Amino acid sequence: MNGKYDVLVIGGGNAALCAAISARRGGASVLVLEGAPKFYRGGNTRHTRNMRCAHDAATEILTGPYTEEEFWKDLLLVTGGQTDEELARHMIRESKDILNWIVEQGVRWQPSLGGTLSLGRTNSFFLGGGRAMLNALYLTAEALGVDIEYDAEVTDLVIEDGMFLAARVKRPIEGATEIRATSLVAAAGGFEANIEWLKQYWGEAADNFLIRGTPYNRGSILKMLLDKGVQEVGDPTQCHAVAIDARAPKFDGGIITRHDSVVFGIVVNKHAQRFYDEGEDIWPKRYAIWGRLVAAQPDQIAYIIFDSTVVTSFMPTLFPPIAGATVAELAGKLTLDSAALEKTITDFNAAVRPGTFDHTILDDCVTEGITPPKTHWARRIETPPYLAYPVRPGITFTYLGTRVTKEARMLMKDGRLAANMFAAGEIMAGNVLGKGYAAGMGMTIGSVFGRIAGREAAKHARN
Amino acid sequence: MHGTRILEETDRLMTVCNSCRYCEGLCAVFPAMEMRRAFSDGDLNYLANLCHSCGACYVDCQFSPPHEFNVNVPQTLAVARAESYAAYAWPRALSGAFARNGLVISVVAALSMAVFILGFAAFNDRAALFGIHTGPGAFYKLMPHNAMAVLFSAAFLYAILALVLSVRAFWRDIGEPIRGRADGGSIFQAIRDAGELRYLHGGGVGCYNEDDKPTDRRKLYHHLTFYGFLLCFAATSVATLYHYLLAREAPYPWWDLPVVLGTLGGIGLVVGPVGLFLAKVKRDPALLDEERYGMDVGFIAMLFLTGVTGLALLVLRETSAMGPLLALHLGAVFALFITMPYGKFVHGIYRFAALVRYAQERRDAG
């Protein structure tokens, strides 16, 4: 610790490391403060797997072109227009170069993809997953001479008139608990692991949320920045939430707690009542809506119910399905009212019309005369054993963030540019993603704005 | 329900991994796993023997310890692998030898060497053992060639028999009912994969040893050991042909083929095992099967002893040390042969069989 760094990066995920590497390559001295212990470094990046980048032609890892315009249309679709067009288009343009830049930083792509995802054209997959990607970035950063501190919880930011002066850390770093730096890059994620904060928008329901990532994503840096005059962006109630297994741990269950079986059955709440069209849309949009749907149900619990004919039709699951030889037995195991569940299934079965099942398209298997309808993939549930997965809302990340420019520089509430403060990753994702989500976009935002933030922070520090 | 606790744990891990699949690009274990939704004992033993213990999936896994899911694939599969050697061993009565491997190997090695030294003494007098013998047939002044040939043929044939019967049991358990015979294409693919240690590359960056930084040294030392062993085997084979076809008796001059092959192989068998041993000492204990430390080290030691006595014999064969060194070398080789079916040597055979099965599965899946 030589008193003062050119660039201080707070956070330890993809965006933070891209910023640190890019600042270091830009000639700056760089310190990374990661609040988590080494094993849990990297926040949500630990659990990611792929990145969505525009590209004009097929490559070794991607099956076809994905143009800037197509990316932009996909973004418009998922956000319903809630995006900063200038920033979003800039990110999409930069994403083309990121595909190669990230490889130059030691990250490896997987050549081809098995499994059940159909993203081979639009998304590049990290060989070994998100933690492997992080490991590569950390090795590169260390080799370049970036200093990294783990368990370094930032307790306060000294900001005067839109200018960052110092950060106070809980863990003394070689005697210094106040770190000064010429520029700041905030890349410390969202607040999804901060149940108290979530409760401000969701009420007591938030107690029943499961957090898919680490318990360290508490949004403390975001809160400090907003409290000290940085302009906010994004809807605080918006978050990426999917339905995950109710038996999952409270934190860090990651990818393996997901369920993609909704299409093969029905979903009921604690009163054994269906509450939404399980056949509304194809994966991944279907996947992305069920977290919010379950969050709106009593006690934030629901049950995916199917029968033995479809048990091998979806990805193997961490937790086995709960089984009953009869609907009544299954209801007993789920502590649902058995008469109500029997009626729901009988009514559903009676409403199913014949069709040709194909879960990869919006097929013609529909129900008639039932509310809510199942508009595709409707098939009778009648072959025992009857099976169920209990699900709860699994929160992946939040959308409230700091407003930034194309240069990743923060904007203050009064509309002025922050003098020396930059933001990257989930903490500013709301600029681009006002709502909704499409696979791999979080990593695109992280890498693109991380690289820009690091470069700009280094440039500012050298001036 | 599985036969052993370690297979239960392997099943648990494969269930976790199968619902994640982030590691599918790293090696053959995960794609093989993805072809199944439930795992028999044979499946788990197959996956365990497909694992090359490069450690990449441990370093890359978001659920490895201290995470509560406690996913440690390399260590768990290492234990399962070691237990599978004992489970398929022929004759069954000797399967316990794996557990006490370090001790068994030391005792067998010591006895073998004693037998050779006493054997020399029985064939000759003490003077011959410490005498200077040169020229063709020098070795056989200590023990007649036919006596050596009988002893080593018996040991070698026993080892082959025991290995064949063991691996046959393994092969049946990992899926013979599905497809019995291995086809030529799959065997060729497996030879290539084994020959280059394709799956010891951590998905491309190398193998993990003492920390989370990948290095390729274990692969290099393994190559030196394996190809050193093959060169020594080739040297012996060529010498046997010389003896019976050309009536040329050992020792041969340094530039002759058996000596050149043996010297190169011997160097591999010294440098390789030393490197493997040092890598093992440094290796992160989280990745190691500590219970089987003796088995691994015992095998490495036998290879090293074979190499080092062979090289010493080459250098000192025209001195009075030749007799004792020849006795030690032959003793080491003899011990290596008869312990082969009950020690770490089998890992190569089982892994090869697993690679053949994997190549078959890949072809069948298209």
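How many salt bridges are counted between chain B and chain A? The count is two, where a salt bridge is a side-chain nitrogen of Lys or Arg within 4 Å of a carboxyl oxygen of Asp or Glu. The model is predicted, so local features need pLDDT of at least 70 and side-chain atom pairs count only at pLDDT 80 or more, while totals for chains, interfaces and linings use all residues. Residues are numbered from 1 along each chain as its sequence is written, chains are lettered from A in the order in which they are written, and side-chain values use heavy atoms, without hydrogens or water.

The contact (heavy atoms within 4.5 Å) draws 31 residues from chain B and 37 residues from chain A. About 2,700 Å² is buried between the two chains, 54% of it from carbon and sulfur atoms; buried area is the accessible area (1.4 Å probe) that two parts lose on being put together, summed over both. Of the area that chain B buries against chain A, B:S19, B:Y22 and B:R37 supply 28%, more than any other three residues.

Over all chains, the structure holds 40 salt bridges. One of them pairs the side chains of A:D161 and A:R416, at 2.8 Å from N to O. This pair links distant parts of the chain, 255 residues apart: A:D161 is in the loop between β6 (154–160) and β7 (163–173), and A:R416 is in the loop between β17 (409–411) and β18 (417–423) of chain A. Here helices (H or I, at least four residues) and strands (E, at least two) are DSSP runs, numbered from the N terminus.

Within chain B, helices α3 (residues 41–50) and α5 (residues 73–88) pack at an angle of about 115°, with their axes 8 Å apart. Axes are lines fitted to C-alpha atoms, for helices over the stretch in contact, and angles run from 0 to 180 degrees between N-to-C directions. Residues of α3(B), including B:L47 and B:A48, meet residues of α5(B), among them B:L77 and B:Y88.

Backbone geometry also deserves a look. Most residues other than glycine have a negative phi, and most peptide bonds are trans. A cis peptide bond joins A:T371 and A:P372, with omega about -10°, and another cis bond joins B:W90 and B:P91, with omega also about -10°. A:A272 is not a glycine, yet has a positive phi of about 65°; A:A272 lies in the loop between β12 (266–269) and α7 (285–295) of chain A.
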